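Please look at the sequence and the model as they come up.

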Amino acid sequence: MIRISVWHRDLSASYLRQVTQLGADCIDFGQDTAFPGVKEQGYPDLDGVLKIKQQVRAWGLDINRVTLPSITEKFLEDQPGGEQEVENAVTALKVFAEASIPMARQRFAWDAMPGSAPTYRAVHRGGYVGRGEYRQPAQLEPPSPEISEQQWARFCRVYARLVPVAEAYNIKLALHPSDTPHPGALFDGLNFHRVLDAFPSKQVGFLYCIGTRAEAGGSALVLDEINHYGRKGRIFTAHFRNVRGSLATVGGFEEVLLDDGDMNMATILRALRNVGFDGCLNPDHIPAIEGDHGNASLGLAYSIGYIKALLAALAA
């Protein structure tokens, strides 16, 4: 059954009450320091994870996904402390598995070419605001083949440690595509295929970000990739968001509300259903709406309601 997940934010009773009332099913932990112990010892404390899990379950919610301690440039560049980052990630994966968390994401600091293109505040109907980004070809050069292969080799070294643990402990590893999806980024369209070629384990799959992949090539690319990875059972969970434009078609994109972009999200959801997807949809990167205040996000309420309506229509 397809469910809805939302971010953990502050985990206050007020926030958990709000998302429960709105109809969310699960919580996603997108920060690697969200659990006790990570800042102090480099990996989460099992008792701390279990307490947070109990706190979430008290509201009838489940934990859908967590994030492992980040792998930074220290490991990429063979700096002191780099190997310890990998050890911490392996230990964290074991801890989360022991707490019966179903899925974890590993972040890599060098996967997204941050700051490589200008961003701006995109203003849409009625004045709501989302992120916009555009590419200036003269300013953007992909990594050299040598650097790209070094990055890929470092990624493979990390996953070579994590995948056996994921198999032994029965926890899924979900990889997010590079955002922004510039050509040459570590987890671009071609390297997504390489991930499954290099690590064919059924515990390896994707946190498939519909918005990010639409930024790369529009709805046609998204539908093709859903068919390809979905029929293999490798889309574990998804970020469900809409955009206008793409880097491939107009050299840029803008993030918008679910009904206000180029994609027909009902068509996207139907494609996920048709390949047997049964994970969570997270309405990520929600634009700012008039009246937002702290955790009281009108955009979140709108997005959950929109998704629930699509799910109801799909089941009718």
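What we have is a predicted model, in which local features need pLDDT of at least 70 and side-chain atom pairs count only at pLDDT 80 or more, while totals for chains, interfaces and linings use all residues. Residues are numbered from 1 along each chain as its sequence is written, and side-chain values use heavy atoms, with hydrogens and water left out.

Let me begin with helix α8, residues 210–230, which packs against α9 at an angle of about 55 degrees, the axes being 10 Å apart; helices here are DSSP runs of H or I with at least four residues, numbered from the N terminus, and axes are lines fitted to C-alpha atoms over the stretch in contact, with angles running from 0 to 180 degrees between N-to-C directions. The two helices α8 and α9 are therefore oblique to each other, a word kept for angles that are not under 35 degrees (roughly parallel), over 145 (roughly antiparallel) or 65 to 115 (roughly perpendicular). The crossing of α8 and α9 is left-handed, that is, the near helix is turned anticlockwise from the far one by less than a right angle, whereas clockwise would be right-handed. On the α8 side the contact (heavy atoms within 4.5 Å) is made by I210, V222, L223 and I226, and on the α9 side by M265, T267, I268, A271 and L272. By class, that contact has eight nonpolar residues, one polar and none charged; Ala, Val, Leu, Ile, Met, Phe, Trp, Tyr, Cys and Pro count as nonpolar, Asp, Glu, Lys and Arg as charged, and the others, including Gly, as polar.

Turning to the second pair, α9 (residues 265–274) and α10 (residues 298–315) pack at about 55 degrees, with axes 10 Å apart, but their crossing is right-handed. The contact involves M265, A266, L269, R270 and R273 of α9, together with Y306, L310, L311 and L314 of α10, and its residues divide into seven nonpolar, no polar and two charged.

The largest pocket has a volume of about 260 Å³, and among its 15 lining residues R105, R107, A112, H176 and D179 are the closest to its centre. On a 1 Å grid over the protein atoms alone, a pocket is an open set of points with protein on both sides within 12 Å along at least five of seven lines, a cavity is a set where a 1.4 Å probe fits but cannot get out, and lining residues have an atom within 4 Å of a point. The structure holds one cavity of 30 Å³ or more.

Note on methods
Points joined across faces, edges and corners; volume = space filled by probe spheres on them.
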